[in-house]
Amino acid sequence: MTRLTRADLDALPAYVPGRNVADLARDLGIEEAIKLASNEVPYGPLPGVVEAVTEAARQMHRYPDMGVLALRDALAERFGVAAERVVTGCGSVALAEILVKATCLPGDEVLYSWRSFEAYPIIAAGAGATSVRVPSTPAHGHDLPAMAAAITDRTRLIFVCNPNNPTGTALHKPELDRFLAAVPSDVLVVLDEAYRELVTDPEVPDGLDTYGDRANVVVLRTMSKAWGLAGMRMGYLVAQPEVAAAIRKVLTPFSTSLVAQAAALAALRQEAEVVRRCALVTAERERVTEALRKLSFDVPDSQANFVWLPIGDRTASFASACETRGVIVRGFHPDGVRVTIGTPEENDAFLAAAEAALTV
Ligand SMILES: Cc1ncc(COP(=O)(O)O)c(C=O)c1O
């Protein structure tokens with residue numbers, strides 16, 4: 001058969017979305033299953049967002065503002081940066097893709113810790129770039145000295161995921177300072193801070209406040225998690241003006257939709273509620289971590305809205321044992337299971353499932 005697509009894509013793992021809740025509930029014959037697999041915050045849309053989206057939808061026959069001016073202005077004001085430094089996109093994952101596209105030619109290297117966000121290898125391969133994965137430390141965090149040592153003259157972009165998905169571990173300022181000082185000035189460092197709003201450890205630096213002015217640093221954020229807009233698809237980045245301008249050249253036109261722009265603008269007016277919700281989630285994170293440790297799981301401290309169970313080759317059996325009890329978690333075979341923090345009731349259901357799964 002004639003080959004129409006790239007042969008190298010055959011070896012690429014597909015991005016695995018969490019299992020569908022409705023399907024699982026139907027298969028189990030239960031009213032509702034619980035999904036703790038996609039790191040969403042469980043409290044629904046923020047106040048006023050549905051109304052703003054409904055209003056914006058009346059204009060859906062028109063293209064959105066391609067310059068995303070109002071939203072970029074709002075983000076720029078919120079973070080105290082010039083609007084020209086802000087780029088928005090269809091989720092931060094699309095912006096990660098664009099960043100690789102803007103920096104790498106085929107054969108160039110994208111460096112990241114592993115295990116980290118599962119989209120990184122897919123994004124690198126999609127651009128024809130070479131992934132260089134540096135194994136995480138025994139404590140499930142980035143091994144920054146090893147990452148610095150892995151930089152070559154082909155390295156064009158480095159993802160630093162802080163806090164790290166899926167392990168929840170976070171880097172402190174001194175180690176990041178040392179790492180950034182070691183990175184050559186012509187290599188772009190992307191601080192992926194998808195879970196920044198959930199960080200409670202004061203030693204974990206805010207990438208934008210601390211490193212935002214460095215010429216080769218881009219800070220990547222999302223409104224999918226704390227801001228409750230996962231289904232709207234809105235991510236943003238802050239870069240130096242020249243970097244932002246180059247990124248805009250390869251951005252898919254109109255990729256921040258009309259409704260995503262309206263939703264994000266309305267959500268940004270609800271920061272106090274975001275802070276309140278994040279506090280609920282982080283309190284539950286500590287409770288779930290303690291409970292899992294009592295059950296004998298070796299759970300690293302998490303600074304995100306999920307916890308990591310490094311259970312190795314028990315990953316698949318544990319995840320499916322949870323599913324048979326109506327709780328969807330995310331297994332990353334053969335390393336471990338990531339469990340999103342949900343409402344207290346959802347977390348209790350997971351803890352009961354985890355206890356039962358121990359005996360499987
Ligand atoms: C570390 C990290 N970066 C980026 C993303 C992408 O988020 P989104 O595309 O929804 O903005 C995720 C989502 O899970 C993530 O965990």
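## Salt bridges, domains and cores

The side chains of E193 and R221 meet in a salt bridge, with N and O 2.8 Å apart. A salt bridge here is a side-chain nitrogen of Lys or Arg within 4 Å of a carboxyl oxygen of Asp or Glu. This is a predicted model: local features need pLDDT of at least 70, side-chain atom pairs count only at pLDDT 80 or more, and totals for chains, interfaces and linings use all residues. Residues are numbered from 1 along each chain as its sequence is written, and side-chain values use heavy atoms, with hydrogens and water left out.

E193 lies in the loop between strand 6 (188–192) and helix 8, and R221 in strand 7, so the pair ties together parts 28 residues apart in sequence. Helices (H or I, at least four residues) and strands (E, at least two) are DSSP runs, numbered from the N terminus. Both E193 and R221 are buried. Buried means under 20% relative accessible area, exposed over 50%, and partly exposed in between (1.4 Å probe, protein chains only). The two residues also belong to a network of salt bridges that links E193, R196, D206 and R221.

**Other pairs**

Side chains of opposite charge can pair when their charged atoms come close. A search of the whole structure finds 20 salt bridges. Among them are these:

| Pair | N to O distance |
|---|---|
| E193 – R221 | 2.8 Å |
| D335 – R115 | 2.7 Å |
| D213 – R85 | 3.5 Å |
| R293 – D301 | 2.8 Å |

D213 and R85 form a salt bridge. The pair links distant parts of the chain, 128 residues apart. D213 sits in the loop between helix 8 (207–211) and strand 7 (217–222). R85 sits in the loop between helix 3 (69–79) and strand 2 (86–89). D213 counts as exposed, at 66% relative accessibility. R85 counts as buried, at 8%.

In the pair of R293 and D301, R293 is partly exposed at 31% relative accessibility. D301 is exposed at 56%.

**Two domains**

The domain assignment gives domain 1 (7–45 + 270–358) and domain 2 (49–269). Such bounds come from an automatic or database domain assignment. The domain centres, taken over C-alpha atoms, are 23 Å apart. The contact (heavy atoms within 4.5 Å) takes 32 residues from domain 1 and 34 residues from domain 2.

About 2800 Å² is buried between the domains, and carbon and sulfur atoms give 60% of that area. Buried area is the accessible area (1.4 Å probe) that two parts lose on being put together, summed over both. The interface holds 3 salt bridges. On the side of domain 1 that touches domain 2, helix 11 (271–294), strand 9 (306–309) and strand 11 (330–332) each give two or more residues. Helix 11 gives the largest share, 6 residues.

**Nonpolar cores**

A nonpolar core is a set of buried Ala, Val, Leu, Ile, Met, Phe, Trp, Tyr and Cys residues joined through side-chain atoms within 4.5 Å. The largest has 73 residues. Those with the most contacts inside this core are I158, M223, L292, F297, L309, F318 and F350. Helix 10 (residues 258–268) supplies the largest share, 6 residues. Why does this core lie between domain 1 and domain 2? Both domains give residues to the core, so it lies between them.

Leaving aside neighbours within four places in sequence, I158 is in contact with L111, M147, I151, F179, V183, V187, L188, V189 and V190. A second, separate core of 29 residues includes Y112, F117, Y120 and C161.
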